[in-house]
Amino acid sequence: LILPEDEAGELSKGERLLQKGGHIDHFDSRRKTKDGRIIQVSVRMSPIYDDEYRVVGVSTIERDVSERLALLEQLTLSERKFQDFYNHSPDMYCSVDASSGMIVDCNERMCDELGYAREEILGRSVLDFYSDSARELAKSCFDEFRMVGDTQDEELELLRRDGTSIPVSLNVTAVRDETGRIVRSRSVWRDMSVLKLKDEQVRQSEQRYRNSFQNSAIGIAQVDLAGTYLLANRRLCEIVGYSPEELLQMRYRDITHPDDLVEELKLRDELINGRRETYKLEKRYMHKSGHDVWVSVFVSLERDADGRPVSCHSYVEDISARKELESELRTAISQRDQFLAMLSHELRNPLGAILNTCAVLHRRKALTQAIQGPISVVARQARQMAELLDDLLDVSRITTGKIKLEKAPALLAEVVDEAVESQQALAAHRQQRLIVSYSDDPLRVFGDRSRLVQSVVNLLNNAIKYTAEGGIITVTLERNGRSGMIRVRDTGVGIEPELIESLFEMFAQKDATLDRSSGGMGLGLHLVRRLVDFHGGTITGRSEGVGKGSEFVVELPLSTRSMAARKTRTKSLPRCDQTSRPPIHRIVVVEDIADARNMLVQLLEADDFDVTSAADGESGLSLILSQRPDLAIVDIGLPRLDGYEVARRVRQEIPASELTLVALTGYGQDSDHERVIDAGFDLHLVKPLNPARLESILSRT
């Protein structure tokens, strides 16, 4: 059925045909099918003649062209899309006549990029649009294209209307006729400006990396998993003395000192097998010239996208100068320690003689009080010098990590008692009251009793020095949870609260005046803090200000260990039970310094001991072996035969059960103590002689 909207047009065509005759070929119309679909038809009308050749009717031939029209519409749409793509492509397209080189077509992108209207481009030679520097290469490319029909990825340069240039990549394909002859070219120019910019940025980045790599202040290398150098910068070559070409033929183990290789092989194996992320060590490289170079090496692992290890990166710093300085420092420290040990020995000998003389004079009841007073001053000042010397040596040992603690259970009450007893005379001399307040709990700690006593002594000594005559010093013991506390409070000069912490620094002093009336070297509190630290404790100071006194609080962790552990034998204890030996009557003193020897002999004789003496090692050995005394006090630094050898030979003849051997020496280092005990001595006493310690030995307690 003819659609109503198409019917009038078809009738009009039929009437015209009836009037004029002829044919009406193929006009488009539409029909409605029986099932209601609308189809496109092509209609051809022809006249129908009677016998007299008159037009009496119209015949039509109708052909269904719906499918053909649909295909045509799709083709038209496709062409339109292609044209849109062609015009708006990010690349520049043009068609060029193969014989003349004239542009016959171009897209809008080319017009926009070059700054020309389409009419200004068409009909011109394609070579006109290349820059002067690129024109010869473009001509060669065009000539080559006409021969082979193809050009791929040629980098050229187009010239804009404003005179600026565009770097492009050119790709050309041929259009051939039915005989295969090239008639045109399809040219595509791709703007390479962004890529060129990125390439330049990458190039600059790589150049910066190369400059950083080569000019780094530390050595940098890349090493494969087998240990062979893949890359090595200039600094690493300088460190080891090899050229880059030489290093790239070597493995890292070839230049690593054999003594350091075992450790690095272990670390490297852990790195490659994923047991560590990086490693760092100090080792030695063997320089090409033959000497060793100390380096610090940091090594990291490079992995591929799948996480598999592919190589190692090494960062190498030359630390030879530091190692040399450390060696010099160790030598200097060793020399300092030797000097301090010698200083200690040389000072302790005269101090011992002075104190022994004072002790002898004190025993002479015939001396008047006027004489006894100055003697007490000499003794007190000599003991203070000995304490200063002890502090100096202890700080040296702590600083170098050579201090040794002999820990055992200890009661803080006993520690405080011993410290107070040692300072009681000094406090009495200054007419000060020393008050001790004990805790109801037995405060037991695990530590080196002598060092804890030393700490409390230093606190008491400071309190006495900085408290005026008639002042009060209070020592309080108390429990604070799981800690025991020792409080030392004085009514002395005090200090500004903000300066308290500075007193714990080495060589810090409260008395900074020129007269140095209170003495000291500023080591006491520093030494106390270090000793308390070694026991896992803390020390703090408090003061409300100048003239308001000070308080120092030592807090130590309490221990649950049994006091029976104190009876454990160590080298510092006598070789046998002193109380099991017979009482001491006969004594031999071996000392090369006449003043010290004579005063010690007089001191012992004042207590009714039978004393003989010798001035050198050989005479002393002979005297001991011939007289077989109950006690022998022997100096270490003796002429002809030192004290160690004397002890060794004595022990070959006389057992410890029959003779107590005591070393009395100016050498007080821990190593000296060990040598004394190893040589066969029972006890090690350091000059100047502690009267209480000597009395304990003489009484066998």
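User: How many aromatic pairs does the count come to in this structure?

Analyst: The count comes to 5 aromatic pairs. Please note that the model is a predicted one. Two rings are taken as a pair when their centres lie within 6.5 Å. The angle between the planes then gives the kind of pair: under 30 degrees is stacked, over 60 is edge-to-face, and the rest are tilted. One of the pairs is formed by Phe298 and Tyr315: their ring centres are 6.4 Å apart and their planes stand at 45°, so this pair is tilted.

User: Which parts does the pair of Phe298 and Tyr315 tie together?

Analyst: Phe298 belongs to strand S12 (residues 292-303) and Tyr315 to strand S13 (residues 309-318), so the pair joins parts that are 17 residues apart in sequence.

User: How is the accessibility of Phe298 to be read?

Analyst: A residue is buried under 20% relative accessible area, exposed over 50%, and partly exposed in between. Phe298, at 33%, is therefore partly exposed. Tyr315 has a relative accessible area of 31%, so Tyr315 is partly exposed.

User: What kind of aromatic pair do Phe504 and Phe552 form?

Analyst: Phe504 and Phe552 form an edge-to-face pair, with 6.1 Å from centre to centre and 75° between the planes. This pair links distant parts of the chain, 48 residues apart. Phe504 is in the loop between strand S18 (483-490) and helix H15 (524-534), while Phe552 is in strand S20 (residues 550-557). Phe504 has a relative accessible area of 4% and is therefore buried. Phe552 has a value of 10%, so Phe552 is buried.

User: Where does the charged end of Arg124 sit?

Analyst: The charged end of Arg124 sits over the ring of Tyr116, at 5.6 Å from the ring centre. For Lys323, the charged end sits over the ring of Trp294, with 4.5 Å to the centre of that ring.

User: At what angle do helix H14 and H15 pack?

Analyst: An angle between helices is read from their N-to-C directions, and a value over 145 degrees counts as roughly antiparallel. Helix H14 (residues 449-465) packs against H15 at about 150°, and the axes are 9 Å apart. The two helices are therefore roughly antiparallel. The crossing of H14 and H15 is left-handed.

User: Which residues in H14 and H15 meet?

Analyst: On the H14 side they are Arg451, Gln454, Ser455, Asn458, Leu459 and Asn462. On the H15 side they are Gly524, Leu525, Leu527, Val528 and Leu531. The buried residues of H15 include His526 and Val532, and among them are also Gly524 and Leu525. Just after H15 comes Gly536, with a positive phi of about 75°.

User: What is the phi of Asp153?

Analyst: Asp153 has a positive phi of about 50°, although Asp153 is not a glycine. Asp153 has its place in strand S6 (residues 150-159). With 54% relative accessibility, Asp153 counts as exposed. Gln431 is a further case: its phi is near 55°, a positive value in a residue other than glycine. Gln431 lies in the loop between helix H13 (412-429) and strand S15 (433-437). Gln431 has a relative accessible area of 57% and is therefore exposed.

User: How many helices and strands are there in the protein chain?

Analyst: The protein chain has 20 helices and 25 strands. Of its 701 residues, 41% count as buried. Among contacts between residues at least 6 apart in sequence, 56% join residues at least 24 apart.

Definitions and conventions: Residues numbered from 1 in each chain as written. Predicted model: local features only at pLDDT ≥ 70, side-chain atom pairs only at ≥ 80, totals over all residues. Heavy atoms only, no water. Phe/Tyr/Trp six-rings, centres within 6.5 Å; stacked < 30°, edge-to-face > 60°. Helix = DSSP H or I, 4+ residues; strand = E, 2+ residues; numbered from the N terminus. Buried < 20%, exposed > 50% of the residue type's maximum accessible area, 1.4 Å probe, protein only. Lys NZ or Arg CZ within 6 Å of the ring centre and 35° of its normal. Axes fitted to C-alpha atoms, helices over the stretch in contact; angles between N-to-C directions. Parallel < 35°, antiparallel > 145°, perpendicular 65-115°, else oblique. Left-handed = near helix turned anticlockwise from the far one by under 90°. Contact = heavy atoms within 4.5 Å.
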